[in-house]
Amino acid sequence: MSSKTKIVVLHLKELIYTGIFVVLGILFLILMIVMFLPKTAAKETSASANTAAYVPGVYTTSLIINDNVVDVEVTVDENNINDIQIVNLDEAVTTMFPLIEPVFDDLAEKILKTQSLENITYADDNKYTSTVLLNAIKASLQKASPSPSASEDPAGSGSR
């Protein structure tokens with residue numbers, strides 16, 4: 001029975017390097033799995049869906065048009081814009097600016113339909129009136145946002 005004995009020589013330095021590379025490879029795979037799992041994105045979106053978009057209430061912004069005050073009133077609940085209207089609109093203003101009511105009604109309808117101020121379109125011949133009214137609506141919605149400036153008015157009624 002002749003058996004040939006084989007001697008294997010392992011260098012400790014090579015074993016250590018191999019072990020380090022195996023551990024780094026495993027850590028890299030774990031990192032890639034954690035980074036690209038879709039469960040983390042679903043958790044983030046569900047957490048952001050739980051936060052309220054607005055503090056419920058009625059918020060107003062005043063516009064001064066030809067020495068007359070016109071209030072833009074926005075009514076919101078936690079997640080929706082419920083109503084947008086012009087308050088204290090004087091006949092002198094509607095006579096001097098006949099486009100203010102139809103442009104405002106068109107903008108309000110679009111905003112209530114989309115529940116957003118993004119991508120609101122308007123005609124070029126009404127752009128200045130539309131811009132002024134959109135800025136007033138945006139200011140009212142900023143008052144309704146749950147930010148530190150909105151917490152100054154705990155009743156959520158806005159300023160009149």
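Guide: The largest pocket is lined by Leu63, Ile65, Phe97, Pro98, Leu99, Ile100, Tyr128, Thr129, Val132 and Leu133, where a pocket is an open set of points on a 1 Å grid over the protein atoms alone, at which a 1.4 Å probe fits, with protein on both sides within 12 Å along at least five of seven lines, and a lining residue has an atom within 4 Å of a point. This is a predicted model, in which local features need pLDDT of at least 70 and side-chain atom pairs count only at pLDDT 80 or more, while totals for chains, interfaces and linings use all residues. Residues are numbered from 1 along each chain as its sequence is written, and side-chain values use heavy atoms, with hydrogens and water left out.

Visitor: Which element gives the most to the lining of the largest pocket?

Guide: The elements that give two or more residues to this lining are β1 and α5 (127-144), helices being DSSP runs of H or I with at least four residues and strands runs of E with at least two, numbered from the N terminus. With four residues, the element that gives the most is α5.

Visitor: How many residues in the lining of the largest pocket are charged?

Guide: Here Ala, Val, Leu, Ile, Met, Phe, Trp, Tyr, Cys and Pro count as nonpolar, Asp, Glu, Lys and Arg as charged, and the others, Gly among them, as polar. By these classes the lining has nine nonpolar residues and one polar residue, and the number of charged residues is none.

Visitor: In which sense do β2 and strand β3 pair?

Guide: Two strands pair if DSSP finds at least two bridges between them, and β2 and β3 (residues 81-87) have six.

Visitor: How many bridges join strand β1 and β2?

Guide: β1 (residues 57-65) and β2 form a hairpin with two residues between them, and Asn66 in the turn has a positive phi of about 50°. Leu63, which is also in the pocket lining, stands opposite Val70 in β2. The pairing is antiparallel, and the number of bridges is nine.

Visitor: Why does Asp71 count as buried?

Guide: Asp71 has its place in strand β2 (residues 68-76). Buried means under 20% relative accessible area, exposed over 50%, and partly exposed in between, with a 1.4 Å probe and protein chains only. Asp71 counts as buried because its relative accessibility is 9%.

Visitor: With which side chain does Asp71 make a polar contact of 2.6 Å?

Guide: A polar contact is a pair of N or O atoms within 3.5 Å, where within protein one must be able to donate a hydrogen and the other to accept it, and residues adjacent in sequence count only if both atoms are side-chain atoms. The partner at 2.6 Å is the side chain of Ser62.
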